[in-house]
Amino acid sequence: MRLSVLDLAPVRTDQSSPDALAASLRLAKLADGLAYTRYWVAEHHNIPSVAATSPAVLIAMLAAATSRMRVGSGGVMLPNHAPLAVAEQFALLEAAHPGRIDLGIGRAPGADPVATMVLRGPTGRADHNVDDFPDHLDDLIALLGAAGVSVQLPDGSYVLKATPHALTSPRVFLLGSSLESARVAAAKGLPYVFGHHLFGEHTAEALALYRSEFVPSEAAAEPITFLTVNTVVAETGAEAAALILPHLHLQARTATGQPPGRLELVEEAQQATLTPQQHRVAQGELERAVVGTPTEALGQLRELAGRFRVDEVMLNPVASARRGTAPGTAPGRESTLALLADALN
C-alpha cells in the first residue's frame, strides 16, 4: 500500500502563518526521510485556519528542502487562474526539480464567494468557469507539452508553450469529490484523486464511474485512483481521539455557518461546547477519518484501500497540539507520519 501526504498547512490558535509554514516544512522533511511517495499542498483562500494559499510557492519551498519524494499540488483550483500562468509555474518547478513535480488540478473555488469573485475578477462568474473547465484543462496540459498550443491570429498562427525547451513535464492529476469530476477525469484519461476527506457519500460511486468510463491516454494507460483521508495516529487511542477533536470542532462549526477560525488547541476544544447539529457533523467527520494507534490506523487504511480498490492513499494529518507546544512545530502531525511509517515496516 502506497502512502502519501496532503498538507493544508493548518494554523492553530497559538500559531502565526510563519509558524504554520515552519511546521509544514518540518513535516515535509520528515516525510521525505520515511516511506511516503509524495507530498501535496492545497489551495485555500481567506480561511484563518489554512496557510496554504499558493501551491506553487509552497511547492518551491518544500521541493528545495527535500530530495526523494514527489512534491505537488492537491490541488490548484484552475478556475481561479489562467491556464498559461499555471503551466508556466509548474514547468518552472519541473525544470528546477526534474521528475519530482505533480500538478493536481481541481475545479472548486477553494474560497468563500467574496474571495472567489475577487480572485476571478468581475467577469469570472463561477458557473462560466466551471463550464469551461474541461477546455481549460486541455489547454493547460497542451501548454506543458513540447508542442504547446497553436493560437490562430488573423495573420497566421502563434505557438504558446510553458517553457521553450522543457525536457520533462510535471505529472497531471485531476482532483474531485463528485460524479462530474470522475467523469471528466475518465474522459481525459487522467489519474483521479477522490477527496474522501471532504465528502465520503459518493466515494464508491465516483470511483466506479471513473473506472467504467476511463479512456486510455498518454497520461495513463489504465485507471489510476487515489483516496484522501483525514488521519491522526498516536501511541494510544485516547491521545489520537484528543488530537483530532479540534479538527472535528472546526469542521462542525464551518458546516453550520459559523465564521471559520483558527484550529483550536486540544485543551480549548475539550472545554468548548457544540450544538446537537454540530455534534452530528463532528461524528460524521470522525467516522470517515482514520484515528487510533499505529496498528489500528494501519488496519483502517488497508481496509479503506481494499474497499475502494485505490492505488494510493493520501493522508491529511489533522492532529492539533496541546498548550505549551512550540509554535513552529506540529508534533501530533509528525508522530502521525512517523508512527505509521514504523508500522508499515
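Four bridges link strand 4 (residues 101–106) with strand 7, and these two run parallel. Within that pairing, G104 is opposite F173 of strand 7. Strand 7 also runs parallel to strand 8 (residues 192–194), joined by three bridges, with L175 facing V193 of strand 8. (Strands pair when DSSP finds at least two bridges between them; strands are E runs of at least two residues and helices H or I runs of at least four, numbered from the N terminus.)

This is a predicted model, where local features need pLDDT of at least 70, side-chain atom pairs count only at pLDDT 80 or more, and totals for chains, interfaces and linings use all residues. Residues are numbered from 1 along each chain as its sequence is written, and side-chain values use heavy atoms, leaving out hydrogens and water.

Five of the six residues of strand 7 are buried, so the rest of the structure largely encloses it. Buried means under 20% relative accessible area (1.4 Å probe, protein chains only).

Now for the rings. Phe, Tyr and Trp (its six-membered ring) pair if ring centres lie within 6.5 Å, and planes over 60 degrees apart count as edge-to-face, under 30 as stacked and the rest as tilted.

| Pair | Centre to centre | Plane angle |
|---|---|---|
| W40 and F173 | 5.1 Å | 70° |
| Y210 and F214 | 5.6 Å | 70° |

W40 sits in strand 2 (residues 38–41) and F173 in strand 7 (residues 171–176), so their pair ties together parts 133 residues apart in sequence.

Methods: Buried means under 20% relative accessible area, exposed over 50%, partly exposed in between (1.4 Å probe, protein chains only).
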